[in-house]
Amino acid sequence: MVEIQQQMQVVSVLSPGKNSRLTIEQQPTPVAKPGQLLLKVKAAGVNRADLMQRLGHYPPPPGESDILGLEVAGEVVQVGNDADEHWLGREVFGIVAGGGYAEYALLQTKHAISKPAHWTWQHAGAAAETLLTAYQLLFTLGKLKSGQRVVLHAGASGVGTSAIQLAKLVNAQVAVTVGRPEKADACLALGADIAINYQQRQFSTALAEQWPLGADLILDPVAGGYVNENIKILADDGVIIIYALMGGRIIEQFDMAALFKKRGSMLCSTLRNRTNQYKAELTANYVATFGQAMAAGKLTPLVSESFSWKNAEQAHNVMTNNNNIGKLVLMF
């Protein structure tokens, strides 16, 4: 039996807002309730949602931990009921609504995914949020099919690099937008068919030349000024899914007629505030569809860099400056 410490160290946010900073504090170690697993955390992914929470713009859902961190990987050291004892000692990863930046974290049993044997803890810490988000956007919402054309903005991000791999596994055509040549190279190496550097050309103009019929699906974490350009390259009956607002929440001179003419759809999506049941079904569907690809080494999250969890501030700075290609991971 693994000894569980009564107190754990966590990364806490001091003075939430533009002048926030991270510090290490002690808190009581949580106890697994029925339907939960307690993990001794080995790795936790870093996400832009963590930066937003630091600013005070993205609080956890009611009743969830206010500790940063939306995905964890670790060893199961406690279960909430006897029926789940087979999980004890297992190496798993999964999404959480909060609590990842800590030595121990609670994970819903139905959100746990077994870590492939050949994955490192860095891979496992980088996997859950990006793979499940990409799966939800591409397939649950976007209904992507073989041969269809998909545009991934922020193609070199964690979600972008995961979405490239998932889309290519079903033989879709993939175009990405990026801001640096090295990011374009990384996306092409993962299987993207087209990589457009938006610093050099307007992406809508460049893509229209290569895909004159437009894109069936566009995944956009930017919004703002991208929305009107997205509509220009959208195929008839195409779908735009906005899953973040990095470019702002206001759309200037937005004309619905352009979207209406193409019979297009525009959706907004988040994952953190979904119900546990939704997340359980999403996790199960993802594993059923792509679990074998993970086990066979055909699907692996791209890790940009890993940091000691005590250096979380450094990892946040890298993300703030948009320097990562793939995921940033905290190691415990």
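How many nonpolar, polar and charged residues are in the lining of the largest cavity? Five nonpolar, no polar and three charged. For these classes, Ala, Val, Leu, Ile, Met, Phe, Trp, Tyr, Cys and Pro count as nonpolar, Asp, Glu, Lys and Arg as charged, and the others, Gly among them, as polar.

Before the details, the ground rules. This is a predicted model, where local features need pLDDT of at least 70, side-chain atom pairs count only at pLDDT 80 or more, and totals for chains, interfaces and linings use all residues. Residues are numbered from 1 along each chain as its sequence is written, and side-chain values use heavy atoms, with hydrogens and water left out.

Back to the cavity. Searching the whole structure turns up one cavity of 30 Å³ or more. Its space comes to about 50 Å³. The lining residues are Leu70, Ile95, Val96, Ala97, Glu129, Leu271, Arg272 and Lys279. The terms, once. We work on a 1 Å grid over the protein atoms alone. A cavity is a set of points where a 1.4 Å probe fits but cannot get out. A pocket is an open set with protein on both sides within 12 Å along at least five of seven lines. Lining residues have an atom within 4 Å of a point. Grid points are joined across faces, edges and corners, and a volume is the space filled by probe spheres set on the points.

Now the pockets. The largest has a volume of about 1,300 Å³. Its lining holds 48 residues, and Arg48, Pro221, Tyr243, Ala244 and Met246 lie nearest the centre. By class, that lining splits into 24 nonpolar, 18 polar and six charged. Which elements supply at least two residues each? Helix 1 (48–54), helix 2 (121–141), helix 3, strand 9 (173–178) and helix 9. Helix 2 gives the most, with five residues. Helices here are DSSP runs of H or I, at least four residues, and strands are runs of E, at least two, numbered from the N terminus.

The second largest pocket has a volume of about 420 Å³. It is lined by 24 residues, with Gln36, Glu64, Ser65, Gly98 and Leu106 nearest its centre. Strand 2, strand 6 (104–108) and helix 8 (276–295) each give two or more residues to this lining. Strand 6 gives the most, with five residues. By class, there are 11 nonpolar, nine polar and four charged residues.

Next, single residues. Start with Glu25. Glu25 sits in strand 2. Is Glu25 buried, partly exposed or exposed? Partly exposed, at 32% relative accessibility. The cut-offs: buried is under 20% relative accessible area, exposed is over 50%, partly exposed is in between, with a 1.4 Å probe and protein chains only. Setting aside neighbours within four places in sequence, Glu25 is in contact (heavy atoms within 4.5 Å) with Met8, Gln9, Val10, Ser12 and Leu14. With Ser12 there is also a polar contact of 3.0 Å between the side chains. A polar contact is a pair of N or O atoms within 3.5 Å. Within protein, one atom must be able to donate a hydrogen and the other to accept it, and residues adjacent in sequence count only if both atoms are side-chain atoms.

Then Asn324. It is found in the loop between helix 9 (312–320) and strand 15 (327–331). Asn324 is buried, at 7% relative accessible area. A polar atom of its side chain lies 2.8 Å from the backbone oxygen of Gly326. Beyond neighbours within four places in sequence, Asn324 is in contact with Ala156, Lys183, Ser304, Val318 and Met319.

On to backbone angles. Most residues other than glycine have a negative phi. Ser15 has a positive phi of about 55 degrees, although it is not a glycine. Ser15 lies in the loop between strand 1 (7–14) and strand 2 (21–28). It counts as exposed, at 53% relative accessibility. Ala154 also has a positive phi, near 55 degrees. Its loop runs between strand 8 (149–152) and helix 3 (158–169). Ala154 is partly exposed, at 22%.

Last, cysteines. Cys187 is buried, with a relative accessible area of 0%. Cys268 is exposed, at 68%.
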